[in-house]
Amino acid sequence: MLSKRVIAAARSRAFFASRGAQYTAVSFSQGWKVANYIRRAQLHSKTVKVPQMAESISEGTLRSWSKQVGDTVEVDEEVATIETDKIDVSVNAPTAGKIVELLAKEEDTVSVGQDLFIIAPGEGGASAALEEQKTDPEEPKDQQLDKMTPEPRAPSAADKQSGGIPPEGPKESKKEVKKQDSKPKEDKSKAPPPAPKAPGNRGETRMNRMRLRIAERLKESQNAAASLTTFNEIDMSSLVEMRKKYKDEVLKQHDVKLGFMSAFARACALALKEIPAANASIEGDEIVYHDFVDLSVAVATPKGLVTPVVRNAEGMGFVEIEKEIAALGNKARDGKLTLEDMAGGTFTISNGGVFGSLYGTPIINLPQSAVLGMHAIKDKPVVVNGQIVIRPIMVVALTYDHRLLDGREAVTFLGLYSLRYYISRDRYLTRRCVVCSEGPRLH
């Protein structure tokens, strides 16, 4: 039986022989090194499988490969991205090495535990080892010059007769080439122009998993909940003045912008204590009440609308809420949200006003019982103490599940004694310092 070394040498000899005689013994020696490296990589390679993504997720779509065959990776470096109906899952390299083989194509459906790619371990991504195998051994300078200079052509009989000086034939051939090159230009001018494309072409793209899941959830909410929407108007004068007063100081001290979301989140936390049914959910035949407020905040991403959760919002101040919303928003737009970031919300806020929406009826995020819709602020004439004045007005909408909330509770939540009351009178929202979020209000 032939040894593995002899077989590898024979394969290398056949490889270089098929590519001409320019490969020397040095190239053959290098080929043996490459073959030996490949054999070692195959013996120590590791197959990476599709990781566990969540209890309720068993498959996903392979969205993209971050690395290709032959690329080197470090430990925990991203190799692929799998899109599920909830989040994007990154598949990282378990060890440093080189990607040997990809076992799936982009847009393929992959299941948990399925073989995904093969990696050959190596230090520092195995780049140093590969470079050593690929680089040619040092050769004397005279041999390198011999390779660079072409071999002289054997003199012909005509050259010998003319004393080694070639006849002046090339000059005439250059002129002939120029004449021949001028002919195609005339042909191009005579070619007919390309026919214009027909207008009205239709493009079709496949819906991604997240968009499909969002559509399924929205339709499920419309079918399951007895949804009803009530509206109200809020005078934003007091809140606008407060934001104008503190926004520069908050930005300077905390490096976060002071918006209206934190005020509405704080007002909702206070209003939900007075109307606990708006913070409840239905599980089977039971109503589950929550003594905490986990606010789901709607964030628009290129793949669809997601609702990461601000935990325990009832104990947060303005700055804390703004920081948490900004962090969750960045993770959502970068596709880095985890299942823990979106699970367990008790009430949802959706701010369509950032896109200029004046009115809207938001859809309940099951199993929650209500969702608040914020809209754009517009100056409107209103009557105050018998006088017509211009005030910044926002229309707010509360969509609620009529199985849990009655009209009286929903209107009360939005009305004079709850949300509208707190927003119109910012002193009830800022019982703690707006700037430092600690202790009583200091400004």
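This is a predicted model: local features need pLDDT of at least 70, side-chain atom pairs count only at pLDDT 80 or more; totals for chains, interfaces and linings use all residues.

Leaving aside neighbours within four places in sequence, Leu419 is in contact (heavy atoms within 4.5 Å) with Ile234, Phe264, Ala267, Cys268, Ala271, Leu372, Phe413 and Leu414. Residues are numbered from 1 along each chain as its sequence is written, and side-chain values use heavy atoms, with hydrogens and water left out.

Leu419 is also among the residues with the most contacts inside the largest nonpolar core, together with Phe264, Phe347, Phe413 and Ile423, and that core has 55 residues. By such a core I mean a set of buried Ala, Val, Leu, Ile, Met, Phe, Trp, Tyr and Cys residues joined through side-chain atoms within 4.5 Å, where buried means under 20% relative accessible area with a 1.4 Å probe, protein chains only. Helix H9 gives the most to this core, with 9 residues; helices here are DSSP runs of H or I, at least four residues, numbered from the N terminus.

Ser262 lies in H9, which spans residues 261-274, and counts as buried because its relative accessibility is 0%. Its side chain makes a polar contact with the side chain of Glu322 at 2.8 Å, the term being a pair of N or O atoms within 3.5 Å, one able to donate a hydrogen and the other to accept it, with residues adjacent in sequence counted only if both atoms are side-chain atoms. Not counting residues up to four places away in sequence, Ser262 touches Phe318, Ile321 and Glu322.

Conventions
Helices (H or I, at least four residues) and strands (E, at least two) are DSSP runs, numbered from the N terminus. Buried means under 20% relative accessible area, exposed over 50%, partly exposed in between (1.4 Å probe, protein chains only).
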